[in-house]
Amino acid sequence: MSKTSIVSMHVIRRLPSYYRCLKELQKNNVNKISSSELSEKIGVSESQIRQDLYNYGNFGKQGYGYDVIKLYNALKRILGLDKTYNTIIIGAGNLGQAIANYTDFEEIGFNLKSIFDINPRLFKIKIRDAKIMNINILEDFLATNKIDIAILCIPKDDAQIIADRLTKCGIKAIWNFSPIDLKVPDDVILENVQLSDSLFTLSYRLNEDDLFKRIKKEK
């Protein structure tokens, strides 16, 4: 079981959309926005936006709407993006290297400190400033480096073993790209990213009309 959240995960998963929208509004020199305008841009109802934000305080003014900069800064704090986080990647394959090369993470405060793998041909290669290291020295590295988040990009057969090693070393947050549901202690935050789920959803929506036409005929 992973650490549970005080606020509904449905609310939390909408917050990044609000944040990105407000960031874009600032770039376009928009100073204020109404909940109806925000609703049109994000695709979430006005009432839902108000309810979501009310979990964290009163941000809007009747007849005025939202101050874009103030709400943006508030969401930045709420999402924890006013802090920096040290991260490591486990797995230097295609996905691990792609994440390591994604510079946007560093720009918003997620600093990659190292990458770990089992392939000796990769050891000491650097991706940007992060050196690929032997997974056998993982515990030694964690004992001397403060790491906030571990990113798993490894086969599912190895994922639970590595997760256990990470949590025993005090890692409190895991971003898991391995296609397996991990078991972690209650005080560890686990975020699973199943890449295939999005593809399956896309496939479903492509076939939804035909599916329900067939169901209707069979009734």
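The model is predicted, so local features need pLDDT of at least 70 and side-chain atom pairs count only at pLDDT 80 or more, while totals for chains, interfaces and linings use all residues. Residues are numbered from 1 along each chain as its sequence is written, and side-chain values use heavy atoms, with hydrogens and water left out.

Of the 219 residues, 34% count as buried, that is, under 20% relative accessible area with a 1.4 Å probe, protein chains only.

The chain has 9 helices and 10 strands. These are DSSP runs numbered from the N terminus, with helices (H or I) of at least four residues and strands (E) of at least two. An open sheet is built from 7 strands in the order 6-7-5-4-8-9-10, with mixed pairing. At its edges lie strand 6 (126-127) and strand 10 (189-192), each of which pairs on one side only. Two strands pair if DSSP finds at least two bridges between them. Strands of a sheet pair through backbone hydrogen bonds, either parallel or antiparallel.

Within this sheet, strand 4 (residues 85-90) and strand 8 (residues 149-152) run parallel and are joined by 4 bridges. Here Ile90 stands opposite Leu152 in strand 8.

Technical notes:
Buried means under 20% relative accessible area, exposed over 50%, partly exposed in between (1.4 Å probe, protein chains only).
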